[in-house]
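Dear colleague,

I am passing on the structure below, together with some notes on what turned up when I went through it. Please read them alongside the model.

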Amino acid sequence: PVTILQDFKAELQKFSMDKSDFCLLEEDTTVVSSNSSYSITGNVILIHKKTAKVKTYKAGNNSHWIADFHRDLENKFFSN
């Protein structure tokens, strides 16, 4: 199966960018309750090294941060 990191790299390739252009941080915000059913939640924080632009994407169950990241690349959010 394709991993999220592979999806991330594939999006970068579409825009002639490289993973090394970014610092990727993961923040786990999952709240584990006493019952055994809970949703995994968190954030993906991307820092573009050249421009120092930072973007936080919601991640976890049912997230679509890769699509949001694609849109930001399309709109040149991380460009100078």
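Helices (H or I, at least four residues) and strands (E, at least two) are DSSP runs, numbered from the N terminus. Before going further, please note that this is a predicted model, in which local features need pLDDT of at least 70 and side-chain atom pairs count only at pLDDT 80 or more, while totals for chains, interfaces and linings use all residues. Residues are numbered from 1 along each chain as its sequence is written, and side-chain values use heavy atoms, with hydrogens and water left out.

The buried residues of helix 1 are Phe8, Glu11 and Leu12. Viewed down the helix axis they fall within an arc of 100°, so they line one face of the helix; the arc is that of the directions from the helix axis to the C-beta atoms. The cover over these buried residues includes strand 1 (22-28), strand 2 and helix 2, with contact meaning heavy atoms within 4.5 Å. Leaving aside neighbours within four places in sequence, Leu12 is in contact with Met17, Asp18, Lys19, Phe22, Phe69 and Leu73. Just after helix 1, Ser16 takes a positive phi of about 55°.

Glu11 belongs to helix 1 (residues 4-14) and is buried, with a relative accessible area of 9%. Apart from its neighbours within four places in sequence, Glu11 is in contact with Ile66, Phe69, His70 and Leu73. Glu11 also forms a salt bridge with Lys14, the closest N and O atoms being 2.9 Å apart, where a salt bridge is a side-chain nitrogen of Lys or Arg within 4 Å of a carboxyl oxygen of Asp or Glu. The two residues are three apart in helix 1 and are thus separated by about one helical turn, and Lys14, at 54% relative accessibility, counts as exposed.

By this rule the count comes to three salt bridges. In another of them, Asp72 is joined to Lys55, with the closest N and O atoms 3.2 Å apart; Asp72 lies in helix 2 and Lys55 in strand 3, so the pair ties together parts that are 17 residues apart in sequence. Asp72 counts as buried at 11% relative accessibility, whereas Lys55, at 25%, counts as partly exposed. Arg71 forms a salt bridge with Asp68, the closest N and O atoms being 2.6 Å apart, and these two residues are three apart in helix 2, about one helical turn.

**The nonpolar core**

Which residues make up the largest nonpolar core? There are twelve: Phe8, Leu12, Phe22, Val44, Leu46, Tyr57, Ala59, Trp65, Ile66, Phe69, Leu73 and Phe78. Helix 1, strand 2 (41-48), strand 3 (54-60) and helix 2 (65-74) each give two or more residues to this core, and helix 2 gives the most, with four. A nonpolar core here is a set of buried Ala, Val, Leu, Ile, Met, Phe, Trp, Tyr and Cys residues joined through side-chain atoms within 4.5 Å.

**Aromatic pairs**

A search of the whole structure finds ten aromatic pairs, counted for rings of Phe, Tyr and Trp (its six-membered ring) whose centres lie within 6.5 Å, with planes under 30 degrees apart taken as stacked, over 60 as edge-to-face and the rest as tilted. The rings of Phe22 and Phe78 have their centres 5.0 Å apart and their planes at 85°, so the pair is edge-to-face. Phe22 lies in strand 1 and Phe78 in the segment after helix 2, so the pair ties together parts that are 56 residues apart in sequence. Phe22 is buried at 5% relative accessibility, and Phe78 is buried at 2%. The rings of Tyr57 and Trp65, with centres 5.9 Å apart and planes at 40°, form a tilted pair, and both residues are buried. Ring pairs link Phe8, Phe22, Tyr57, Trp65, Phe69, Phe77 and Phe78 into a cluster.

With best regards

How values were computed:
Buried means under 20% relative accessible area, exposed over 50%, partly exposed in between (1.4 Å probe, protein chains only).
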